[in-house]
Structures are given as C-alpha cells and as structure tokens.
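Here is a short note for a colleague who is opening this structure for the first time. The points below can be read alongside the viewer.

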Amino acid sequence: MKCQKCQKQATFHITDLTGDDLLALHLCPDCAKGYLETGDSSEDAPVISDVMSKQLKPLEQTADDLRELDAKECPICGISFYEFRQGGRLGCPHDYVFFGEDLEPLLINVHGDNQHVGKQPKRGITDTESQTELIRLRRQMKEVVEQEDYEKASQIRDQIRQIEGEGSASE
Amino acid sequence: MILDEMASRCGEWLKGCGPESDIVMSSRIRLARNLADYPFIRRCTDIDRANIESTVRERLTNKAELKDLTFIDVADLQTLDRQFLVERQLISREHANSDGARAVAIDQQERLSLMVNEEDHLRIQVMKSGLDLVGAWDQINDLDDRIESQLTYAFHPKLGYLTACPTNVGTGMRVSVLVHLPALVITQQIEKVFRSLQKINLVVRGLYGEGTQAMGDFYQVSNQITLGKSESDLIDQVGDVIPVVIDYERKARDFLINEKQNDLFEQVSRAYGTLQNAQQISSEETMFLLSRVRMGINLGLIGDLEIPEVNQLFIRTQPAHLQKLSHSELDTDERNVERANYLHSQLKLDGGTEASNN
C-alpha cells in the first residue's frame with residue numbers, strides 16, 4: 001500500500017480516535033512521524049494525542065483489512081463501509097446482507113446478540129428481492145438521467161414500473 | 001387550523017391518570033420501521049423522500065381503519081408550529097429541524113403519532129398516561145399490523161426489522177417511561193439511581209429525549225438493546241424496574257415529610273407563591289417550580305390544584321405553546337412576561353374561592 005501523502009510504501013496504519021469519528025490513515029514512516037509530532041493531517045484530523053499512539057500497535061495488523069473494508073460499496077445503494085462508519089447510518093436494507101459479517105461485531109457489541117427473536121410481519125417473511133432491486137434501479141435511473149441517457153432511462157423506467165406493478169398485483 | 005385546536009386540548013400523556021400517575025407521567029413505545037423498496041433516509045434523494053411520504057399517506061389514509069389519523073406536512077409548517085409539535089412529544093427535535101419531505105400522522109386524542117421520514121421511514125409511537133406499558137404495546141402492535149398490511153417493511157429473517165442505525169435493528173422498539181422524581185433530586189440520590197439503571201442496560205434521558213437536560217425533574221427511562229430480546233422481554237426489562245424507582249421516590253418523599261418537613265413546606269409554598277405572583281419568569285424556572293408544586297399536590301400540601309392542571313401548565317408555559325395560546329410571536333423577554341401573566345391567570349383562577357365550582 002502507498003502512503004496517502006507521498007508515494008512511498010505505507011508502513012504506519014493509524015486509526016485516529018480523537019475526533020467524533022474514526023479516521024484511518026496509511027502513511028510512510030516519515031509522514032507518520034510528521035503526523036504524530038505535529039498533528040498535521042491532510043484530512044483535517046484533530047490534533048493527535050497520546051490516546052492515538054496507544055491505539056497504533058493493536059490496530060497495525062488489521063489496518064489493511066480495515067482499508068479494504070472501508071472501500072467496500074453496497075451494489076444496491078452505493079454506500080461504502082467508510083461512509084457508514086463516518087455517519088453511523090446505513091444506506092439501505094440490503095446493507096445488512098452485503099455488510100453482514102462486517103456488522104456482526106458491532107451488533108454483538110451493542111446488543112450482545114445477533115439474532116432477532118421478536119415479532120415477525122403478519123403476512124409472513126416475504127421475499128423482498130424485487131423491492132431491493134427497485135432501490136438499485138431508481139439509483140441507476142438518476143445516474144443515467146444525469147448523463148442525459150434518456151433511452152436507457154426509459155428502459156429502466158419500464159423495469160421499475162413492471163416491478164411496481166407486480167407488487168401491487170399481489171396485494 | 002388543526003394545531004390551534006390542539007393547543008387548547010390536553011394530550012394523552014398529560015392527563016395525569018392511569019396507574020402510579022403521581023410519579024409516572026406517561027408510558028411510551030415506539031417502533032422504527034422502513035419500507036423495503038427505498039434506501040434509508042440518509043441515501044434518499046428528494047424524490048425518494050417525497051415518494052415515501054406520499055406512499056405512506058395514500059396507503060394509510062385510504063384505509064378505513066386508519067381514517068382516524070390526521071396527516072400533517074411537517075416540511076410545510078412554520079418553525080413555531082414544528083416546535084409546538086415537539087413540545088407535545090408528537091415529533092422529535094430531529095424531525096422538526098431536518099430538511100426535505102416529512103410528515104406526522106396523529107390521532108385526535110394524541111395517543112399515537114407516526115413520523116414519516118425521520119431517521120427511519122416510519123417511527124410509530126403510542127403514548128399512555130401513567131404506567132401502562134402492556135396497554136401501549138397492545139395498541140402499537142395492532143397499529144403496526146394494520147400499517148404492515150398496507151406496506152412492505154424491510155425485514156430480515158435473522159436480524160428482524162431493519163433500521164438505518166444498527167442500534168435499533170431487531171424489534172426496532174424503544175420502551176420508555178417518563179417519571180417525575182423531585183424527591184430523589186432534592187435528596188441527591190438521583191445519580192445513584194441512574195448508575196444502577198445503566199448497569200442493567202437501561203438509558204435515562206431528559207424530557208425531550210437524547211441530549212436534553214432533565215427539565216422539571218422529569219426523566220425518561222428506556223431500553224437500550226433492541227436485538228435478541230422479544231418485545232415482551234423488553235417491556236418487562238423496563239416495566240420491572242419502574243416500580244423499584246417509584247418505591248425509591250416514595251421513600252425519598254417520606255423522608256422529606258418526616259425529617260425535613262419545614263424545609264419541604266417552605267420549598268413547596270415558595271414555589272407556588274412565585275408561580276402565582278412572578279412578573280416575568282423563564283421556562284426553566286417555571287419547570288423547576290412546577291415540579292415542586294406537583295410534588296406538593298401529591299403529598300397533600302396544596303389542596304386547591306389538581307395534577308392534570310399542573311401537567312397542563314408544564315406544557316403550556318413552554319415557548320411554542322405560550323405563543324400559540326397568545327396568538328402572537330414573542331421573543332424571550334416577551335415570553336417571560338407572557339408566561340408570568342399566564343401562570344398568574346391560571347393559578348389565581350384555580351386558587352380562588354370560585355375554584356370549587358370546577
């Protein structure tokens with residue numbers, strides 16, 4: 001992995017916990033030294049503290065994994081894991097499937113459990129795959145309209161209408 | 001307009017009736033729900049938000065059984081009116097202050113409210129006066145079923161109801177009891193009680209939810225966990241501990257009556273006197289003094305005022321209500337004068353010799 005500030009090999013993988021949000025940095029030894037000493041950061045990170053240096057070691061091995069995880073994007077709503085970590089809110093229902101394993105530790109940490117045991121919808125657990133597809137299609141629609149690809153847009157619109165039609169027919 | 005009518009009415013949670021209503025103001029349950037075919041709010045486009053709002057409105061109001069709900073377009077309201085709904089606990093502060101298409105549906109008695117496009121697509125809430133979590137659950141469960149028959153919720157076989165924030169996933173349920181604990185505050189035991197509640201995974205908040213200070217010695221006790229426990233377990237988790245809290249508060253009140261009687265009488269009568277005679281008074285001070293008066297009534301120290309009346313004063317002296325009732329927009333100083341006038345008129349009327357006619 002390359003250093004975020006120069007093109008040298010990144011050997012320091014820092015997770016800054018001093019701000020409101022987690023900040024992951026991947027730096028070469030020189031840039032890391034500068035960052036740790038001055039608190040300077042291209043990402044407007046808050047001034048680094050002792051807390052962070054203590055965090056540095058245990059996270060060193062997992063930083064690559066974290067970076068990889070951060071880059072993951074939900075194919076349905078397009079949110080990245082990094083965006084989720086920053087904002088604390090997921091992008092769509094499918095995130096619970098797509099980021100399933102990645103969310104597991106968080107769920108265990110918050111709830112002490114990972115299995116719902118309460119109420120279920122009265123109509124039974126319906127297959128929501130077509131609804132999920134609607135989320136993806138509407139997003140795609142917005143993109144092609146922005147690109148002024150109206151032919152594609154009308155195709156997508158037909159697909160959306162078809163799924164919506166199926167939905168109301170079954171009710 | 002509907003909000004003006006509401007201003008002169010009393011919402012369910014202020015009625016001052018129901019079990020343990022001297023200490024428990026209200027019981028509340030909310031469910032977080034999302035539609036399966038839209039992204040969560042943070043990833044919604046303006047069009048998505050508008051579509052969610054109109055879909056929910058159409059599907060629910062077309063149905064005869066949900067006809068008792070009135071939809072209010074929150075995006076369309078003046079700031080004052082939004083604040084008014086916050087004070088009545090019908091919408092959250094976040095809902096009031098956010099942007100984009102959003103709405104709230106409420107029933108005539110203000111027992112239920114359904115926020116559309118808050119943090120989740122739907123935030124369903126039922127309120128009951130006094131301690132009645134089971135009653136609240138029966139109502140909200142039924143309402144949830146009726147909504148679910150019209151809309152497809154995002155639900156996962158293993159994780160339950162899917163929510164924008166993973167801290168709400170599973171049941172999507174928050175059980176919340178609003179308690180009035182002035183004696184525990186006076187005897188400086190409140191922190192101790194909170195710490196023990198936190199140890200059993202319960203959260204304590206102020207009157208208006210997250211981050212608000214405890215105004216008027218009112219505290220909301222609610223569950224933190226939403227996944228891995230059934231709805232009835234969560235209700236028990238909160239419901240079982242409330243009688244213990246009530247017991248602490250009663251013991252603290254007994255202590256004040258038995259050991260600090262003179263101080264207590266002094267505090268209560270001074271509070272009452274100040275409320276009756278102030279020329280200008282802030283919202284915070286009003287809450288503080290009303291809290292003393294409320295306890296004084298419960299302990300039989302004030303005979304010419306009833307709990308429901310005091311409950312009403314708590315809400316009607318708040319900024320938006322005060323302005324609604326006086327039909328004018330007032331700045332802070334003007335409100336302080338208006339608030340004193342209002343209290344004077346209300347307490348004088350009730351405290352006078354003609355009070356017995358009511």
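Which residue of β4(B) does Val104(B) stand opposite?

1. Val104(B) stands opposite Met115(B) in β4(B). A note on reading first: this is a predicted model, in which local features need pLDDT of at least 70, side-chain atom pairs count only at pLDDT 80 or more, and totals for chains, interfaces and linings use all residues. Residues are numbered from 1 along each chain as its sequence is written, while chains are lettered from A and ligands numbered from 1 in the order in which they are written.

2. The sheet. In chain B, 8 strands form an open sheet with antiparallel pairing, ordered β2-β3-β4-β5-β1-β8-β10-β9. Strands (E, at least two residues) and helices (H or I, at least four) are DSSP runs, numbered from the N terminus. Two strands pair if DSSP finds at least two bridges between them. β2 (69-73) and β9 (202-205) of chain B are at the edges with a single partner strand each, so one side of each has no neighbour in the sheet. From one strand to the next, the twist averages 20°.

3. Around β4(B). β3 (103-107) and β4 (112-116) of chain B pair in the antiparallel sense over 4 bridges. Ala105(B) faces Leu114(B) across this pair. The two strands form a hairpin with 4 residues between them, and Glu110(B) in the turn has a positive phi of about 60°. On to β5(B): 5 bridges join it to β4(B), again antiparallel. Met115(B) has Arg123(B) as its bridge partner there. This second hairpin has 5 residues between the strands, and Asn117(B) takes a positive phi near 65°.

4. Cover on β4(B). In β4(B), 5 of its 5 residues are buried (20 or more other C-beta atoms within 10 Å of the residue's own; exposed means 12 or fewer, partly exposed in between; C-beta atoms are placed from the backbone). Leu112(B), Leu114(B) and Val116(B) point one way, Ser113(B) and Met115(B) the other.

5. A buried helix. Helix α3 (79-87) of chain B has 7 of its 9 residues buried, so it is largely enclosed by the rest of the structure. Gln89(B) follows α3(B) and has a positive phi, near 65°.

6. A helix pair. α11 (283-298) and α12 (307-316) of chain B pack at about 170°, with axes 10 Å apart. Axes are lines fitted to C-alpha atoms, for helices over the stretch in contact, and angles run from 0 to 180 degrees between N-to-C directions. The two helices are therefore roughly antiparallel (over 145 degrees; under 35 is roughly parallel, 65 to 115 roughly perpendicular, the rest oblique). Their contact residues divide into 8 nonpolar, no polar and 1 charged. Here Ala, Val, Leu, Ile, Met, Phe, Trp, Tyr, Cys and Pro count as nonpolar, Asp, Glu, Lys and Arg as charged, and the others, Gly among them, as polar.

7. Between the chains. The contact takes 32 residues from chain A and 35 residues from chain B (contact means C-beta atoms, placed from the backbone, within 7 Å). On the side of chain A, α6 (100-111) and α7 (129-146) are the elements that give two or more residues.

Conventions. Contact = placed C-beta atoms within 7 Å.
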